[in-house]
Amino acid sequence: MKKTCEIAVTVNGTVYEAAVEPRLLLADFLRHTLGLTGTHVGCEHGVCGACTVLVDGDSARSCLMLAVQADGRNVETVESLGSIAQMNALQKSFHAHHALQCGFCTPGMLMTATDLLRKYPLATDDDIRKGLSGNLCRCTGYEHIVKAIRAVVKAGENP
Amino acid sequence: MKPPAFDYIVASDCDTAVAALARAGADAKILAGGQSLMPMLNFRLLRPSILVDINRIPGLGFIEEMPDSVRIGALTRHFQLETSPLIGKHFPVLSYAVAHVGHLAIRNRGTIGGSLSHADPAAELPMMALLLGATLSIASAAGSRTVAARDFFLDTMTVDLDGTELLTEIVLQKLPPQTGWGFEEIVRRQGDFALAAVAATLTLSGNEIVQARIALTGVGPTPLRAAEAESLLVGHAFDESRRRRAIEAVREAISPETDLHASADLRRHLAGVLTGRALAAAWRRGRGG
């Protein structure tokens, strides 16, 4: 059995080379190998959405992808959106609308919302709710998250 | 919650993939979108000796129009199906149905070939393949063959693939003119597998139904067609009495099971209600509504 595979993954604009076991999940590669702990891991079976990242621009559960599958791909995590000093429009809107309490689901919410805003018109709050239905928030903060995304849609500040 | 150790190869083409499957025998698993396989690996419900990753096979994800049909490559992602103008034009019922599969992140990764091969008994796409009379192309080291969707789904998560075979393509015959469609699903939560779902098409000639198709999922080990209900609609207009008879025929034709999510009685009830709604929508659309 092949112990490790050599991979080169672009994460947030930086190319990382590593030798990884085939079974290593992309989520664990990001967190443990690269130390990018912004991506959170909740359920580890694709239900909670906390580990959502973008792979070649499309949202994906990083617990349902192997790190080896990201070889040669472009991965964007929540760290790519902005910093505390310089938040992007979506992050600012989450801040302004109190769209987080404990913050555990927030990275997944932000990355899912980023993809939703690019792909769907999100004309109604129902559309936003449907789009977020794969991301669980145990603080029951959905109302404010919907408002935060609504504000971004209205401002036409799609990422 | 981490996958067990396995060997891993990236197939560069279908020949490489089926050769690897032939070498590994029943121990291998094909990794397509991974949206069902990866949770099963994380739970260690499966311990394959090798994963054959088909994601990098060029040309396995495509949607192509032929004179009388549309070909769909097995690696076509749900989101591609959902947004394809070609699918929207010829199979609007499929565009509508596939938007009900999981969530965006799932639809970005999940593939039609994976969904049909996995054959979850409450999944939407196996039902749609059955509704639309799909023909499936299957490759193996021994050669290739085709199988009709109606012969493909054998039992719960069991299909006519022997473990060394790879589903490569799905062919859908275009629908006749004046065909209306309906799709109805009941789920506990948005994006869940269906408690019950029904998809229907009605092809009309004037005010008469000349072809009826009704497919169901979530109400048995495999998706199924409601042949009795279909045949009692043909030759008639759709009215209240036909609606009621079709609902009764569907409820009689199925033997749903009780599980954590719903009782058999609830599933049978829902299958009828959804059949009535799907047929009404198909009739309305068939008549240009």
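Predicted model: local features only at pLDDT ≥ 70, side-chain atom pairs only at ≥ 80, totals over all residues.
A residue counts as buried here if 20 or more other C-beta atoms lie within 10 Å of its own. Chain B carries 12 helices and 14 strands. Its radius of gyration comes out at 19 Å, close to the 19 Å that the globule rule gives for 289 residues, so chain B is as compact as a globular protein of that length. Along the principal axes, the C-alpha atoms of chain B fill a box of roughly 60 × 45 × 30 Å. As for how the chain folds back on itself, take the contacts in chain B with a separation of 6 or more: 63% of them join residues 24 or more positions apart.

Chain B splits into domain 1 (7–53), domain 2 (63–173) and domain 3 (179–286). The C-alpha centres of domain 1 and domain 3 of chain B sit 35 Å apart. Towards the end of the chain, helix H11 (residues 240–253) of chain B packs against helix H12 (residues 264–286) of chain B, with an angle of about 140 degrees and axes 9 Å apart. The crossing of H11(B) and H12(B) is right-handed. On the H11(B) side, the contact is made by B:Arg243, B:Ala246, B:Ile247, B:Val250 and B:Arg251. H12(B) answers with B:Arg268, B:Ala271, B:Gly272, B:Thr275, B:Gly276, B:Leu279 and B:Ala280. Sorted by class, the residues in this helix contact come to 6 nonpolar, 3 polar and 3 charged.

Next comes the meeting of the two chains. The contact draws 26 residues from chain B and 27 residues from chain A. On the chain B side, strand E1 (7–10), helix H2 (37–42) and helix H6 (104–109) each put in at least two residues. H6(B) has the largest share of that side, at 5 residues. The side of chain B that touches chain A is made up of 12 nonpolar, 9 polar and 5 charged residues.

The domain assignment of chain A gives domain 1 (5–80) and domain 2 (89–155), and 21 Å separate their centres, taken over C-alpha atoms. Domain 1 of chain A brings 13 residues to the contact and domain 2 of chain A brings 12. Strand E3 (52–55) and strand E4 (58–61) of chain A each supply at least two residues of the domain 1 side, and E3(A) gives the most, with 3 residues. That side of domain 1 of chain A has 6 nonpolar, 6 polar and 1 charged residues.

A:Asn12 has a positive phi of about 50 degrees although it is not a glycine. A:Asn12 sits in the loop between strand E1 (5–11) and strand E2 (14–20) of chain A. There are 18 C-beta neighbours inside 10 Å of A:Asn12, so this residue counts as partly exposed. A:Leu122 also isn't a glycine, and its phi is positive, near 50 degrees. A:Leu122 belongs to the loop between helix H3 (106–119) and helix H4 (125–131) of chain A. With 22 C-beta neighbours inside 10 Å, A:Leu122 counts as buried.

Note on methods: Residues numbered from 1 in each chain as written. Chains lettered and ligands numbered in written order. Axes fitted to C-alpha atoms, helices over the stretch in contact; angles between N-to-C directions. Helix = DSSP H or I, 4+ residues; strand = E, 2+ residues; numbered from the N terminus. Left-handed = near helix turned anticlockwise from the far one by under 90°. Contact = placed C-beta atoms within 7 Å. Nonpolar A, V, L, I, M, F, W, Y, C, P; charged D, E, K, R; others polar. Rg over C-alpha atoms; globule rule 2.2 N^0.38 Å. Domains from an automatic or database assignment. Buried ≥ 20, exposed ≤ 12 C-beta atoms within 10 Å, placed from the backbone.
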